[in-house]
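This report covers the fold, the surface and one loop of a protein model. The sequence and structure come first.

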Amino acid sequence: MTKATPKASGQLFAEPESPSARLEGVYTANIDGAARGNPGPASYGLALKRPDGTTLESLGKYIGRTTNNVAEYYALIAALDYAVANGIKRLRVQSDSQLIVNQMKGLYKVKHPDLRPLHERARKMAAGLESFTIQYVPREQNRAADEAANAALDNTSGVKPAYGSEKIAAQKPGQRGDVRASRSEPPRASAPRKVKAQFRNGVLVPAEPLGLKEGAVVEISIARVPEEN
């Protein structure tokens with residue numbers, strides 16, 4: 001079978017040609033999901049690194065009662081959300097879930113209804129990046145993300161930084177990885193918008209990317225809409 005040549009930009013899952021190219025400007029996010037009971041109390045964890053391999057951030061969040069696979073997808077979407085919110089254009093995701101990795105690569109079909117909207121959302125977000133790759137790593141190489149997920153699960157009060165994570169250093173606007181706003185600026189309320197979501201296993205799953213920073217506080221109003229046939 002002839003292998004298709006990937007596009008120069010906006011490409012999904014294209015592996016760089018050399019190890020040096022793999023590291024140039026590419027941020028790495030190790031992701032993991034945890035569910036005690038499967039389904040049961042669940043959380044996700046992220047461990048992000050800069051292109052030079054130094055630690056950028058470690059985050060974990062409790063997400064309620066759901067399955068391990070759903071939690072894994074939440075971790076992936078959180079990594080993509082983080083990239084979008086912080087101006088990261090090139091992202092490599094590493095996960096110890098062969099299911100998530102192979103579904104994102106198109107090697108496995110997404111059969112479970114709980115995973116389909118999450119998979120579609122992750123694919124759309126990944127397509128918006130300049131470069132995106134996802135790869136399987138053994139569990140022992142994914143410990144930082146696993147620790148972040150389990151720390152959040154142990155303390156279910158919300159988003160918790162894990163294991164002395166550092167915040168993004170202040171940078172000039174327009175630099176890759178910048179925070180997009182000075183810490184001295186007062187927070188601004190964005191214009192309200194309507195977003196459809198599905199209620200599954202006690203969790204609202206948006207049907208489209210929200211583009212929010214991790215830990216952002218939002219105000220929602222809920223109205224039931226007729227189900228599509």
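## Order of elements

Along the sequence, the elements follow the pattern β-α-β-β-β-α-β-α-α-β-α-β-β-β. The protein has five helices and nine strands, where helices (H or I, at least four residues) and strands (E, at least two) are DSSP runs numbered from the N terminus.

## Basis of the model

This is a predicted model, in which local features need pLDDT of at least 70 and side-chain atom pairs count only at pLDDT 80 or more, while totals for chains, interfaces and linings use all residues. Residues are numbered from 1 along each chain as its sequence is written, and side-chain values use heavy atoms, with hydrogens and water left out.

## Burial, contacts and surface

Of the 229 residues in the protein, 40% are buried (under 20% relative accessible area, with a 1.4 Å probe and protein chains only). Contact means heavy atoms within 4.5 Å. Among contacts between residues at least 6 apart in sequence, 72% join residues at least 24 apart.

The accessible surface is about 13,900 Å², by the Shrake-Rupley method with a 1.4 Å probe. Carbon and sulfur atoms account for 51% of this surface.

## The loop between strands 2 and 3

Pro39 lies in the loop between strand 2 (27–35) and strand 3 (40–49). The peptide bond joining Asn38 and Pro39 is cis, with omega about 5 degrees.

Asn38 is placed in the loop between strand 2 and strand 3. Its phi is near 45 degrees, a positive value in a residue other than glycine. Most residues other than glycine have a negative phi, and most peptide bonds are trans. Asn38 has a relative accessible area of 45% and is partly exposed (between the buried limit of 20% and the exposed limit of 50%).
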